[in-house]
Amino acid sequence: MSGRHTTWISYTATLGALTVATLLLGLPFVWMLLTSLKSGGEVASYPPVWISGEWRWSNYADAWRVAPFGRFYINSVVVAGTTTFFQVAFALLMSYAFAVVRFPGKHVLLIAVLSTMMIPEEMKLVPNFILLSRLGWFDTYAGLIVPAVAHAFPVFVMYQQFRQIPRSLIEAAQADGAHHARILWHVALPMSRPVLTAVALVSLLGQWNAYLWPLIVTNSTSMRTLPLGVAYLRKQAEEGSVQWNLLMAAAVFVVAPIVILYTLLQKQFVEGITRGALKG
């Protein structure tokens, strides 16, 4: 068997495996979209109906009216956006200092920061809840945002990126009289834009989909976020007052902004990953 023929078989097998994996991963998303456009009778029918006879776009308006999704959207945007901003900002400063600046105890501090990634998030719930209760931050934006603004993973990724910047560029900028803040803004940051985009998108996705901590630290409906809004609808569905097609429409409310954002930033995100930034 010739090498060219072997390469063609390998390419076809890889393409087939990727196609099957894509279909399997995308099937729940497609089912969610199709169900959100069905009538209540089509959702309950057996065998299942894949394509609705009449697409009911009004399901989205009905789902929006059943729960205060406008408020849920505002809360999710404020919490996820603010948390991501501070996570990225702190990661930039810390990773630059660890990668470029020379100071005593740097490696010990770096290990201490990175070792926090080994602590399960569940172990932080009780101490954080007690602290926030004593501060009076229960059911507030501060309680939702502050515990998540510092995270070791973005620090680790940006530290790896800054280490790849040639030391000669840093030294040349210093020889021209640039201080570290200027070097970070005008040298390191432009060279790290794809990785920074990937880090920001991963952080935003984690905060946008966060469920457990917002569930614990909020009590009123006005402070709930989108994932809790879907759970609110599901609870009503279990009581028989809301149809599953409306629940799927609400799930689309949660997914749509992230899909749109990923589509817009896809090029930078893929480039950031291919640089090996998110490995490890």
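## Charges and the model

Let us start with the charges: the protein chain carries 19 positive and 11 negative ones, and their mean positions lie 10 Å apart. Here Lys and Arg count as positive and Asp and Glu as negative, while His and the chain ends are not counted. Each charge is placed at NZ of Lys, CZ of Arg, CG of Asp or CD of Glu.

This is a predicted model, in which local features need pLDDT of at least 70 and side-chain atom pairs count only at pLDDT 80 or more, while totals for chains, interfaces and linings use all residues. Residues are numbered from 1 along each chain as its sequence is written, and side-chain values use heavy atoms, with hydrogens and water left out.

## Overall form

The protein chain has 15 helices and zero strands. Both are DSSP runs numbered from the N terminus (helices are H or I with at least four residues, strands are E with at least two). The radius of gyration is 24 Å, well over the 19 Å from the globule rule for 280 residues, so the chain is more spread out than a compact globule. That radius is taken over C-alpha atoms, and the rule is 2.2 Å times the number of residues to the power 0.38. Along its principal axes, the C-alpha trace spans about 75 × 70 × 30 Å.

Of the 280 residues, 36% count as buried. Buried means under 20% relative accessible area, exposed over 50%, and partly exposed in between (1.4 Å probe, protein chains only). The chain exposes about 16,400 Å², with carbon and sulfur atoms supplying 68% of it; these areas come from the Shrake-Rupley method with a 1.4 Å probe, and for residues only the protein chains shown count as cover.

## Two nonpolar cores

A nonpolar core is a set of buried Ala, Val, Leu, Ile, Met, Phe, Trp, Tyr and Cys residues joined through side-chain atoms within 4.5 Å. The largest one has 29 residues, and L92, Y96, M158, F162 and I183 have the most contacts inside it. Two or more residues each come from helix 4 (69-99), helix 5 (106-115), helix 8 (152-163), helix 9 (167-175), helix 10 (180-191) and helix 11 (193-208). Helix 8 gives the largest share, seven residues.

What does Y96 touch, not counting residues up to four places away in sequence? The list is A91, V101, F162, H180, I183, L184 and A188, where contact means heavy atoms within 4.5 Å. A second, separate core of 24 residues includes M32, L37, L247 and I258.

T35 lies in helix 1 (residues 3-35) and is buried, with a relative accessible area of 5%. Beyond residues up to four places away, T35 touches V43, W244, N245 and M248. M248 belongs to helix 14 (residues 244-264), and M248 is in contact with M32, T35 and S36, leaving aside neighbours within four places. The C-alpha atoms of M248 and M32 are separated by 5.5 Å, although the two residues are 216 apart along the chain.

T84, in helix 4, is buried at 8% relative accessibility. Leaving aside neighbours within four places, T84 is in contact with A200, S203, L204 and Q207.

## Two loop details

Y46 and P47 are joined by a cis peptide bond, with omega about 0°. P47 sits in the loop between helix 2 (40-44) and helix 3 (58-66).

D139 has a phi near 65°, a positive value in a residue other than glycine. You will find D139 in the loop between helix 6 (121-135) and helix 7 (141-145).
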